[in-house]
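Subject: Two-chain model for you to look at

Hello,

Here is the structure I said I would pass on. Please open it next to this note and follow along.

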Amino acid sequence: MAYSFDFSSLLDYTPVLVDGVVTTVALTAVSTVLGVALGVGGAAARTSTVKPLALVVGAYVELIRNTPFLVQLFFIFFGLPSLGIRLAEWQAAVLAMVINLGAYSTEIIRAGIEATPKGQIEAGASLGMTGPQIFRYVVLGPAMAKIWPALTSQIVIVMLGSSVCSQIAAEELSFAANFIQSRNFRPFEVYFLATALYLALAVGLRWVFSLMGQRMFAKGVSRA
Amino acid sequence: MSPVKTPLVKLSAIRKSFGPVEVLKGVDMAVEEGQVVAMIGRSGSGKSTLLRSINGLERIDGGVIEVDGECVDPGQIDLRALRQKVGMVFQQFNLFPHLTAGENVMLALKVVKKQDKATTRAAAEAALAKVGLGHKFDAYPSQLSGGQQQRVAIARSLAMAPKVLLCDEITSALDPELVAEVLGVVRKLAEEGMTLILVTHEMRFAREVCDRLVFMHGGRIAEQGPPAELFDRPSTPELAQFIGMVEAR
C-alpha cells in the first residue's frame with residue numbers, strides 16, 4: 001500500500017465538520033420531538049374505535065414504511081414545488097424525517113398501547129375517566145416504557161438516515177464530508193472521520209435515551 | 001329506617017348475549033341503601049356479567065339499570081355520571097403500575113372530580129388509612145403483596161365516594177393467607193353501612209356478612225333471600241347441589 005494517511009489536511013475544515021454535526025443533531029432533535037408526537041397521535045388514532053380515522057392512519061403508516069426515505073425526501077423537496085409548496089432544504093429534511101419517524105413510531109407505540117392489560121382500562125373507566133383521560137394517564141406511560149428501547153433504535157435509524165438529506169443539499173454531516181473530500185481529495189480520511197462521528201452520535205443518542213428512560217420509567221413498571 | 005324505600009340499585013329485565021349465547025335472560029334485582037348482597041352461582045351462571053353491567057362495563061342488550069337516579073339503558077353512551085356513583089373492585093386488582101399507591105388513589109380525584117392537590121392528597125391519605133395502608137402511600141404496586149394491592153384498589157374506589165361498591169371476586173386471585181385481610185376491609189365497610197354488591201366464592205364470608213344472597217343459575221336469579229335461609233333450606237335443586245359442591249371442598 002502506497003497510500004499515506006494524512007488526517008492533518010482535515011484541520012482546515014474543522015468549522016465545516018462542526019457545522020455538519022450541529023446540523024445533524026439539530027435535524028434529529030427537531031424530527032424526534034415532532035415525529036414521536038406524531039407517532040403518539042397516530043397510535044392513538046390507529047387504536048381508536050373511530051374506524052375511518054384508524055384506516056387513514058393505517059394507510060399513512062403503510063405508505064411510508066413501504067417506500068424509500070430518499071424518494072419521500074425527493075417528493076417533498078422536488079415534487080411539492082409543482083404544487084406551489086417550496087421548502088428550504090432544512091425544512092424539507094425535517095418534514096421528511098418527521099413524516100418518516102411518525103409512521104414507524106406509530107407502529108412501535110401502537111404495540112405498547114395494545115399490550116396494556118384490559119383490566120387497567122376498565123379500572124380507569126370504572127373511576128369515571130373519559131377515554132382520552134384513560135389514554136393519557138393510564139395507557140400512555142406504561143406503553144412508552146415498554147417500547148422505549150425499540151423507539152430509541154428507530155430514532156437512531158432516523159438520525160443515521162438524515163445523511164440522505166445531503167442529497168438535497170441540507171448541510172448536515174454527510175454533506176460536510178462530501179464537500180470536504182471534493183476539496184482536499186482525501187475521501188478515506190474524511191469518511192473515516194464521518195463514520196467515527198456518526199458512531200459517536202449514535203452511541204451518545206442511545207445513552208441519552210437510556211438515561212431519559214430511567215428517569216421517566218424507573219418507577220413501578222420496570223420492576224414489575 | 002322507613003320500611004318503604006326506593007332501591008339504590010334497580011335492575012329491570014336485564015338481557016345480555018355474547019354472540020349466540022344469552023348469558024342474562026331478563027334479570028330483575030333491587031338493592032337498597034346499606035344492603036350487602038352477595039351473588040353466588042357456578043361459573044357461567046351470569047353473575048359477573050350482571051355485576052359488570054351495573055357500571056356499564058358490559059353493555060346490556062335489553063332492560064334498564066337505575067343507580068341513585070342515574071339511568072342506563074342499552075343506548076346509553078356517556079356513563080361517567082353513573083360510574084361516579086358506582087365503585088368497582090376487580091379480581092386482578094388492576095392498579096396502575098406506574099403510579100404509587102397514593103397516586104393510584106389520587107388520579108381520578110384529580111382528573112375526574114377536578115379537586116385541588118391538597119384535597120386529593122388528604123382524601124387519598126384518608127382512604128389508604130381506612131384500608132390499613134396509610135404507611136404505603138409512596139409504594140408502587142410491584143412493591144406490595146396481592147392483599148395490599150387489593151386494599152389499595154378498594155381505597156381507590158372508596159376515595160371517589162361511591163354510593164355502591166361492586167366487588168368482582170376480589171379474593172379469587174389472592175394466596176389463601178392474604179384473603180382474610182381483604183375480607184376484613186370489606187367486613188368493616190359493611191358494618192359502616194356501605195352498600196355492597198359482591199360476586200364471591202367465599203361462602204362463609206357471604207353467610208356471615210351479607211344481608212341477602214342471590215343465587216344465579218342459567219342467566220336468571222334462581223333463588224334469593226337471607227343467607228341462613230338459603231344455605232339451610234334451599235328451595236331449588238340447583239342451589240342444593242351448588243351448596244353441596246362448595247361445602248364438599
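Below are the notes on what was found, chain by chain.

Some ground rules come first. Residues count from 1 along each chain as its sequence is written, while chains are lettered from A and ligands numbered from 1 in the order in which they are written. This is a predicted model, where local features need pLDDT of at least 70, side-chain atom pairs count only at pLDDT 80 or more, and totals for chains, interfaces and linings use all residues.

**Confidence**

The predictor gives the complex an ipTM of 0.92 and a pTM of 0.89. Chain B has a mean pLDDT of 92, and 96% of its residues reach 70 or more. Here pLDDT is the predictor's confidence in each residue, from 0 to 100.

**Chain A**

An unreviewed UniProt entry annotates residues 20–41, 53–78, 90–109 and 190–209 of chain A as "transmembrane region". UniProt positions follow the numbering used here, feature names are shortened, and annotations may be inferred rather than shown by experiment.

Two of these spans can be compared with the model. Residues 53–78 of chain A are 88% helix and 0% strand, with end C-alpha atoms 29 Å apart. Residues 90–109 of chain A are 100% helix and 0% strand, and their end C-alpha atoms lie 27 Å apart. Helices (H or I, at least four residues) and strands (E, at least two) are DSSP runs, numbered from the N terminus.

Next, helix H5 (residues 118–126) of chain A. Its buried residues are Gln120(A), Ala123(A), Gly124(A), Ala125(A) and Ser126(A). Buried means 20 or more other C-beta atoms within 10 Å of the residue's own, exposed means 12 or fewer, and partly exposed is in between, with C-beta atoms placed from the backbone. The buried residues of H5(A) pack against helix H6 (131–161) of chain A, and also against helix H2 (80–83) and strand E6 (86–89) of chain B. Just after H5(A), Gly128(A) has a positive phi of about 90°.

**Where the chains meet**

In the interface, 21 residues of chain B contact 21 residues of chain A. Contact means that the C-beta atoms, placed from the backbone, lie within 7 Å. On the side of chain B that touches chain A, H2 and helix H3 (101–111) of chain B each supply at least two residues. H3(B) gives the largest share of that side, three residues. By class, that side of chain B has 13 nonpolar, six polar and two charged residues. Ala, Val, Leu, Ile, Met, Phe, Trp, Tyr, Cys and Pro count as nonpolar, Asp, Glu, Lys and Arg as charged, and the others, Gly among them, as polar.

**Chain B: the six-stranded sheet**

This open sheet runs E6-E7-E8-E3-E9-E10 in chain B, with mixed pairing. Strands pair if DSSP finds at least two bridges between them. E6 and strand E10 (220–225) of chain B are the edge strands, each pairing on one side only.

Strand E3 (residues 36–40) and strand E9 (residues 212–217) of chain B run parallel, joined by four bridges. Ile40(B) stands opposite Phe215(B) in E9(B). Helix H6 (residues 176–191) of chain B lies across E3, strand E7 (164–168) and strand E8 (195–199), at about 145° to E8(B). Axes are lines fitted to C-alpha atoms, for helices over the stretch in contact, and angles run from 0 to 180 degrees between N-to-C directions.

Ala222(B) lies in strand E10. Is Ala222(B) buried or partly exposed? Ala222(B) is partly exposed, because 19 other C-beta atoms lie within 10 Å. Among the residues that Ala222(B) touches are Phe215(B), Thr236(B) and Leu239(B).

**Chain B: the four-stranded sheet**

The order here is E2-E1-E4-E5 in chain B, an open sheet with antiparallel pairing. E2 and strand E5 (70–72) of chain B each have a single partner strand, so one side of each is left without a neighbour in the sheet. Helix H1 (residues 47–54) of chain B packs on this sheet and touches E1, E2 and E4, its direction making about 120° with that of E1(B).

Strand E1 (residues 9–18) and strand E2 (residues 21–31) of chain B pair antiparallel over eight bridges. They form a hairpin with two residues between them, and Gly19(B) in the turn has a positive phi of about 60°. Ser17(B) stands opposite Glu22(B) in E2(B). On E4(B), Lys10(B) has Glu66(B) as its bridge partner.

Best wishes

Note on methods:
Contact = placed C-beta atoms within 7 Å. Lists of a residue's contacts leave out its neighbours within four places in sequence.
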